Every structure is written in C-alpha cells, then in structure tokens.
Amino acid sequence: MPLSDIEARVQAACDAANRPRADVTLIAVSKKQPEDRIEAVLEEGHRVFGENRVQEAAGRWPGYRNRYDGIELHLIGPLQTNKARQAIELVQAIHSVDRPKLAATIARLAQETGDCPDLFLQVNTGEEPQKAGVLPGDADAFVADCRALDLPVRGLMCLPPVDEEPALHFALLARIADRNGLAGLSMGMSGDFESAIALGATHIRVGSAIFGARPG
C-alpha cells in the first residue's frame with residue numbers, strides 16, 4: 001500500500017478521534033526490508049523509521065543519513081545490554097526498555113556520553129511468558145525506578161497478544177501511562193493502528209502496510 005494511503009488512513013483515524021494529526025508519529029518499520037523499498041519511502045519524504053536490531057540499523061542508516069537530511073531512527077526491537085552504547089549513539093528513541101538491568105545500563109551510558117534517546121518502557125500487557133516487558137502490576141514501580149535514574153522516559157510501549165482484541169491492551173497501556181503522568185504511547189501496527197489512535201497512541205509502528213511483506 002502506498003505511503004500516501006497509509007497517511008490518509010492515519011489522518012482519518014485522527015479526525016475520527018478529534019486529535020490533531022501532529023499528535024501521532026508514523027514510524028515506518030523498515031526491519032529486514034530491501035534497500036530499494038526503503039529508498040522509495042525516503043524519496044517520498046518520510047523520515048521516521050523503526051528498526052528491530054541494532055546491528056542491522058548500524059549497517060544501513062549511517063549511509064542513508066549521508067544522503068537524506070532529518071532522519072529519525074527508533075529502535076523498536078529487543079536490546080541487549082552489550083549493544084546499548086551502540087544504540088544510544090545511533091537512534092533517537094528506544095521503545096523496548098523492558099527490564100531494570102537495561103535501564104541501569106542506559107543510565108550509566110547516558111551519564112558517560114551526556115546524551116540519551118527518548119525512552120519507552122515496554123509493558124507485557126498480555127502477561128505472556130515468552131514476551132519481554134514488565135508486567136502491568138510492576139509498571140508503576142518500573143517507571144519510578146527509571147525516573148530515579150534520571151532517564152528521559154517518554155512513555156510506554158506494548159505488543160498485544162495476537163489472539164486477543166488489541167483495543168483492550170491499548171486501553172490498559174493508556175491507563176498505566178495516565179496514572180504515571182506519561183504522554184507517550186507506542187502502540188498499534190499495520191493491522192490495528194486506527195484502533196490505537198482512537199485510544200491515544202502517539203507513535204504507531206507500521207511495516208508491512210507500507211513496505212509490503214518482507215522477503216522470505
């Protein structure tokens with residue numbers, strides 16, 4: 001689907017929710033996408049992208065930044081502590097701060113470098129054992145701990161279970177964010193971003209709807 005069609009859907013969802021379009025950041029999820037598809041989206045003028053792995057991002061985005069101004073890169077996948085320094089140097093936001101050890105590592109590196117990306121804390125709203133993120137019952141304490149480390153916590157992120165109604169999880173994340181005074185909500189993907197916008201998403205992560213299915 002062309003980027004223009006996705007933009008039109010985002011605008012329509014914002015209109016339906018009585019929200020300004022500027023309130024919602026569309027992150028084009030470029031992980032594992034071929035270079036020609038990414039360049040096509042860059043040529044259309046889009047500048048906010050999401051990558052799943054630090055190594056893949058480091059291999060392609062410095063080159064794109066030499067050719068295109070204003071690129072904003074978000075890390076949306078899991079982050080190992082030994083890749084945290086590289087991530088801090090490369091991206092403008094990390095959406096997957098999912099455990100105290102990672103938060104402490106980022107805080108230490110931020111002190112060393114004097115810089116830190118915007119951070120979203122990952123909440124495992126479905127309490128799925130195979131997924132990362134703090135449990136909803138632990139989220140308030142995790143937010144407080146990260147703030148005590150002087151980390152720039154922008155908001156929360158979730159990945160709803162594939163077999164459950166995502167709106168229930170979006171609403172839960174919004175409630176946790178609200179009671180902690182957090183404005184950022186990273187939620188909603190290709191199949192459900194309209195619902196996420198209706199429930200307050202500030203960042204939506206859209207991949208296949210923009211780029212098409214990833215090559216096998």
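Modeller: Helix axes here are lines fitted to C-alpha atoms over the stretch in contact, and angles run from 0 to 180 degrees between N-to-C directions. This is a predicted model, in which local features need pLDDT of at least 70 and side-chain atom pairs count only at pLDDT 80 or more, while totals for chains, interfaces and linings use all residues. Residues are numbered from 1 along each chain as its sequence is written, and side-chain values use heavy atoms, with hydrogens and water left out.

Colleague: At what angle do helix 2 and helix 3 pack?

Modeller: Helix 2 (residues 35-43) and helix 3 (residues 54-67) pack at about 35°, and their axes are 12 Å apart. Helices (H or I, at least four residues) and strands (E, at least two) are DSSP runs, numbered from the N terminus.

Colleague: Why is E51 called buried?

Modeller: Buried means under 20% relative accessible area, exposed over 50% and partly exposed in between, with a 1.4 Å probe and protein chains only; E51 has 1% relative accessibility and therefore counts as buried.

Colleague: What makes a polar contact between the side chains of E51 and W61?

Modeller: The term asks for a pair of N or O atoms within 3.5 Å, where within protein one must be able to donate a hydrogen and the other to accept it, and residues adjacent in sequence count only if both atoms are side-chain atoms. The side chains of E51 and W61 make such a contact at 2.9 Å.

Colleague: How do you know that strand 1 pairs with strand 8?

Modeller: Two strands pair if DSSP finds at least two bridges between them, and four bridges join strand 1 to strand 8 (residues 203-206), the two running parallel. T25 has H203 as its bridge partner in strand 8.
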